[in-house]
Structures are given as structure tokens and as C-alpha cells.
Amino acid sequence: SYKGEYAPGYIHNGIPDTVSNFKLYKVSRGDGPSNPDWENWYRMIPYGAPYYDVNNNGVFEPNIDTPGVKFATQTVFICMTDGFANTHNQSEGFSGGTAPLFAEMHLTAWGYSNTEYSDMQFLKFEIINKGANIWDSTYMSVICDPDMGDATDDYIGCDTVRQMCYIYNSDNFDGTGNPPSYGAIPPAAGLIYLKGGRIKGSSPKDLYLTSFHNFDGTGAGGITCEQDPSQAYEAYYYLKGRKKDGSYWMDPLTKQRVLIVYPGDPETGAGWTEFGYNGIATLAHIKNCAGGDTVTAFQSPPGDRRFCMGTGAPDFIVSPGDTQKIFLCQLIARGSNNLNSVTKLKQLADIARNLFINNFNVGISLIQGEVPSGYELFQNYPNPFNPVTKIRFNVAENGKWKSDNGFVTLKVYNILGMEVATLVNERLQPGTYETAWNAAGMSSGIYFYSLRSGNFSSTKRMIILK
């Protein structure tokens with residue numbers, strides 16, 4: 001959170017510590033020593049800062065390897081710990097104030113400029129138990145106050161197949177249309193668990209999304225047990241997938257206890273959504289507090305939604321020295337109306353999931369490791385194309401065209417000479433490479449692509465035909 005119990009630093013021999021090196025680092029594709037974060041990235045390598053191992057030797061070598069996530073347009077990194085007792089207080093929000101767990105967290109955030117990935121950002125939380133105690137019955141959660149434009153007219157939902165929780169507008173016009181509201185045809189936004197917690201041991205198990213529910217400052221419909229938590233045990237109930245007094249969330253049709261709410265489809269109206277159960281508005285939400293299962297269903301009023309999406313279990317144990325790696329993607333999509341935006345978001349979520357499954361293989365691929373005799377740029381194929389084409393090129397080590405320490409750029413220009421895309425902008429080892437350009441947002445016509453490295457330059461023409 002904005003005032004979180006985590007602070008820049010690390011745990012050494014069970015004791016929290018920090019120096020000026022522990023801060024937020026930000027590097028962009030193509031950066032060099034002129035960016036002090038790029039220059040000092042090596043200081044964070046022991047604490048999990050990612051880098052592109054250019055020569056694949058498993059060791060970060062400044063001015064050879066590239067700081068940041070491979071092929072990412074920008075990477076942000078910070079190492080934090082909750083070990084400082086003075087950062088723990090209730091004013092932190094979401095009922096802070098518990099004693100330190102002596103966790104060390106390595107947080108990486110990154111994104112890509114490729115058209116198909118430009119509306120998504122990725123997050124990796126590497127959480128290490130550096131204390132002396134076992135974390136028993138562990139629940140890790142993302143607490144989100146998303147505010148889709150105007151915060152007063154939102155609904156939330158969940159796609160359990162895609163492990164995605166999302167927010168969308170309750171009607172097709174958000175706010176007044178003036179910033180920060182969207183006006184007509186508002187988008188939908190969401191968060192995906194690409195990888196949740198993992199129970200280790202003799203019977204390992206991936207947890208993914210284990211709970212999802214809303215809460216807010218006033219309690220939708222006046223339900224006091226759905227308000228912001230003010231005590232640590234209330235927050236723990238929320239992380240477990242229950243209401244803050246321990247009551248269960250309940251399916252308004254079956255009256256069964258559930259850990260995940262609103263898994264239906266807003267656009268088709270099928271299942272349980274905030275619009276109701278199969279469209280029956282009075283079967284949208286359950287009033288029940290104080291542990292009671294005598295329930296009253298009512299229509300869910302639009303409002304300022306906050307949600308909690310958890311990954312945890314009673315048998316989720318994190319032993320001293322153990323590491324948990326959580327991967328998330330946050331994304332946004334706009335469809336033909338407020339409900340179709342949710343459908344478009346689900347389609348985008350599939351693209352994000354595939355990218356994760358393919359180990360974030362974005363950008364260029366090394367297709368031959370033999371050292372070419374010289375630099376060369378090949379004709380794209382297919383050509384003409386719509387909307388994707390592939391470009392192959394050689395990177396040499398020595399010879400007539402000497403590389404500038406292996407730094408290579410491959411850019412696309414329109415007929416007026418204006419740059420429209422950067423496909424490669426980094427140091428590469430000698431070899432033959434291939435990259436793809438998705439020109440979905442470009443108009444038909446003639447374009448040029450240019451490869452440069454050191455004093456080598458080559459340009460070729462290609463045609464988009466739609």
C-alpha cells in the first residue's frame with residue numbers, strides 16, 4: 001500500500017537493515033551508463049534484480065549483460081522488508097500494526113511496447129521467509145481499490161478459469177466523461193494470478209486464486225461486516241476469503257458458503273454477477289453478519305468497490321528460508337459497451353497467460369548461434385503482409401563492420417521517415433536472429449525497416465496490404 005509496512009531494505013542474519021542503495025530502480029530498453037539506475041543495477045543483483053544474460057554464463061557482467069527483464073520496454077525493481085518494527089502501525093491501512101514477519105520481498109514490474117502486449121503490465125513478487133518462525137496457515141492476497149474512472153458506479157467480477165478478478169462500469173456511461181472518468185463505453189480492468197502460492201513438500205500443490213470478494217468503507221447496502229477492517233484479525237478473515245467478522249460469503253441462489261463471489265458472465269448474463277443471478281437483480285448479494293446463515297438477498301447497488309483476491313490455504317506453510325514466487329498481470333480492455341469490455345478483457349487475459357506459459361518469449365529469437373561473417377539484414381516475409389511479418393538479421397563479432405559493443409537497433413519507419421516502431425534496441429551476441437512486427441494498428445502502404453550497429457547500417461522496404 002502507499003504507506004505499507006514494507007520499506008526498502010533487507011534481512012541479514014535475522015536483522016533488518018537498509019542503506020541508500022535500497023530504493024526504487026527503473027531502467028528502460030536502450031538505457032546505458034548515463035542512467036544511474038542502469039549503472040548501479042549490479043548492486044541489486046544479489047537481491048533478485050532481473051537481467052538479460054547476454055553471453056549466457058550465469059553471472060551478471062556490467063556493460064555486457066543488460067539490466068531489466070529481457071525484451072521489456074521498462075523494468076522497475078525494489079527490494080523491501082517488513083522487518084522494521086517502526087513501520088508497523090494501524091494507520092498504515094487495512095489494519096496494519098502486527099509484529100514483523102521478517103519477510104524480504106523482491107518486487108519486479110515490467111511491460112512491453114509490442115502492440116498485442118501494450119495494455120498489460122506484469123508483476124513478480126519474490127517473498128522470502130528470513131525469520132526464525134514458520135508461517136503457518138498462510139494467506140497471501142492482493143488488496144485492490146481499482147476505481148474504474150468515476151469510483152461511484154462500479155461493479156466487480158471474477159473469471160475462475162482465467163484466475164482473473166476485474167472491475168467494470170455498472171452502465172455504459174462512466175461519470176461525467178471528464179477526466180478521470182471515461183464517459184461513454186467505459187473499459188474494464190483486471191488482475192490475473194499467473195502463478196499463486198505453492199504448497200511444497202511431499203505433495204506439492206499450486207494454489208492460484210483461492211478467494212475473491214469485495215469490501216468497502218461504508219459497506220454496500222449497509223452491511224457492516226463488509227467494511228474496511230480496523231483490526232488485524234478482521235484483515236486475516238478477509239485474506240482467508242470470509243467477511244471481516246468471520247461470516248461466510250454466500251451464493252444467493254443456493255445459499256451455500258463460497259470463497260469466490262460473482263463468477264458469472266456480465267455480457268451474457270449467465271450465472272452470478274452483480275446484476276443478479278441469471279439476470280434476477282434481487283439475487284445479487286447476501287446480507288449476513290455475525291456468523292449467521294439466515295440470509296437476505298438483495299440487489300447490489302453500484303459503488304466504490306475494493307476487492308481482495310487471495311492465494312492461500314490452512315496447510316500453506318512457509319518455512320524459514322523458503323521462497324514463494326507470485327506472478328500477476330494487470331490489464332485493461334475496451335469493447336463496444338461496458339459489458340463487452342469484460343469480454344475483451346478476458347480475451348486479452350488469454351494472451352497474457354500464453355505469454356507467461358511461453359516464459360515471456362517476446363521480441364527476438366536467436367535461431368542460429370554460429371558467428372556470421374558479417375552483419376546482414378534480410379527481406380521480411382511474408383511481404384506484402386497483414387498484419388504480421390517476420391524480419392531476420394545477422395549480428396557479427398568482428399570484420400569490416402565493427403559493432404558498437406554488440407548494441408543493435410532495428411526500427412520501422414513510415415513513408416515520411418517517421419519512426420513507428422522499435423523492434424530491437426539492445427546488446428546482442430553474434431548470431432542469426434528473427435523478430436516479428438505486428439502492424440495491426442497501421443494503415444496500408446510502404447514502410448521501411450533499418451538495422452544499425454556501430455558503423456553498419458542497412459534499410460529495406462516492406463508493404464502492408466489490408
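The legends below describe close-up views of a predicted model.

Residues are numbered from 1 along each chain as its sequence is written. In this predicted model, local features need pLDDT of at least 70 and side-chain atom pairs count only at pLDDT 80 or more, while totals for chains, interfaces and linings use all residues; side-chain values use heavy atoms, with hydrogens and water left out.

**View 1. Confidence along the chain.** The chain has a mean pLDDT of 91, and 95% of its residues reach 70 or more; pLDDT is the predictor's confidence in each residue, from 0 to 100. Over residues 399-403 the pLDDT is below 50, and this stretch has 11 contacts in the model beyond near neighbours in sequence. Contact means heavy atoms within 4.5 Å. Where pLDDT is low, the predicted coordinates should not be read in detail.

**View 2. An open antiparallel sheet of four strands.** The strand order is β27-β32-β29-β28, with antiparallel pairing. Helices (H or I, at least four residues) and strands (E, at least two) are DSSP runs, numbered from the N terminus, and two strands pair if DSSP finds at least two bridges between them. At the edges are β27 (364-368) and β28 (376-377), each of which pairs on one side only. Four bridges join β27 to β32 (residues 431-438) in the antiparallel sense. Serine 365 has glutamate 434 of β32 as its bridge partner. Strands of a sheet pair through backbone hydrogen bonds, either parallel or antiparallel.

**View 3. Lysine 243, a buried residue in a loop.** Lysine 243 is placed in the loop between α2 (232-240) and β19 (249-250). Its relative accessible area is 0%, and lysine 243 is therefore buried; buried means under 20% relative accessible area, exposed over 50%, and partly exposed in between (1.4 Å probe, protein chains only). The lysine 243 side chain reaches the backbone oxygen of isoleucine 286 at 3.3 Å. Leaving aside neighbours within four places in sequence, lysine 243 is in contact with Cys225, Glu226, Tyr237, Tyr238, Tyr248, Trp249, Ile286 and Asn288.

**View 4. The salt bridge between lysine 130 and glutamate 104.** The whole structure contains 15 salt bridges, each defined as a side-chain nitrogen of Lys or Arg within 4 Å of a carboxyl oxygen of Asp or Glu. In this pair, the N to O distance is 3.3 Å. Distant parts of the chain are linked here, with lysine 130 in the loop between β9 (120-129) and β10 (139-144) and glutamate 104 in strand β8 (residues 103-111), 26 residues apart. Lysine 130 is partly exposed at 30% relative accessibility, whereas glutamate 104 is buried at 1%.

**View 5. The salt bridge between lysine 200 and aspartate 322.** The two side chains meet at 2.6 Å, N to O. Because lysine 200 lies in the loop between β16 (198-199) and β17 (205-206) and aspartate 322 in the loop between β25 (306-312) and β26 (323-333), the pair ties together parts that are 122 residues apart in sequence. Lysine 200 has a relative accessible area of 39% and is partly exposed; aspartate 322, at 14%, is buried.

**View 6. Further salt bridges.** Lysine 411 and glutamate 419 meet through their side chains at 3.6 Å, N to O. Lysine 411 is partly exposed, with a relative accessible area of 23%, and glutamate 419 is partly exposed at 43%. Elsewhere, a network of salt bridges links Asp159, Arg162, Asp265, Lys346 and Asp350.

**View 7. Aromatic pairs, including tyrosine 25 with tryptophan 41.** The structure holds 31 aromatic pairs. Rings of Phe, Tyr and Trp (its six-membered ring) pair if their centres lie within 6.5 Å; planes under 30 degrees apart count as stacked, over 60 as edge-to-face and the rest as tilted. The tyrosine 25 and tryptophan 41 rings have centres 6.2 Å apart and planes at 90°, so this pair is edge-to-face. Tyrosine 25 belongs to strand β4 (residues 25-28) and tryptophan 41 to the loop between α1 (36-39) and β5 (51-52), 16 residues apart. Both tyrosine 25 and tryptophan 41 are buried. Ring pairs also link Trp110, Tyr112, Tyr117, Phe122, Phe327, Phe356 and Phe360 into a cluster.

**View 8. Alanine 333 in strand β26.** Alanine 333 is buried, with a relative accessible area of 10%. Not counting residues up to four places away in sequence, alanine 333 touches Pro187, Ala188, Ser341, Lys344, Leu345 and Leu348. Between the C-alpha atoms of alanine 333 and alanine 235, 98 residues apart along the chain, the separation is 31 Å.

Conventions. Polar contact = N/O pair within 3.5 Å; in protein donor to acceptor, adjacent residues only side chain to side chain.
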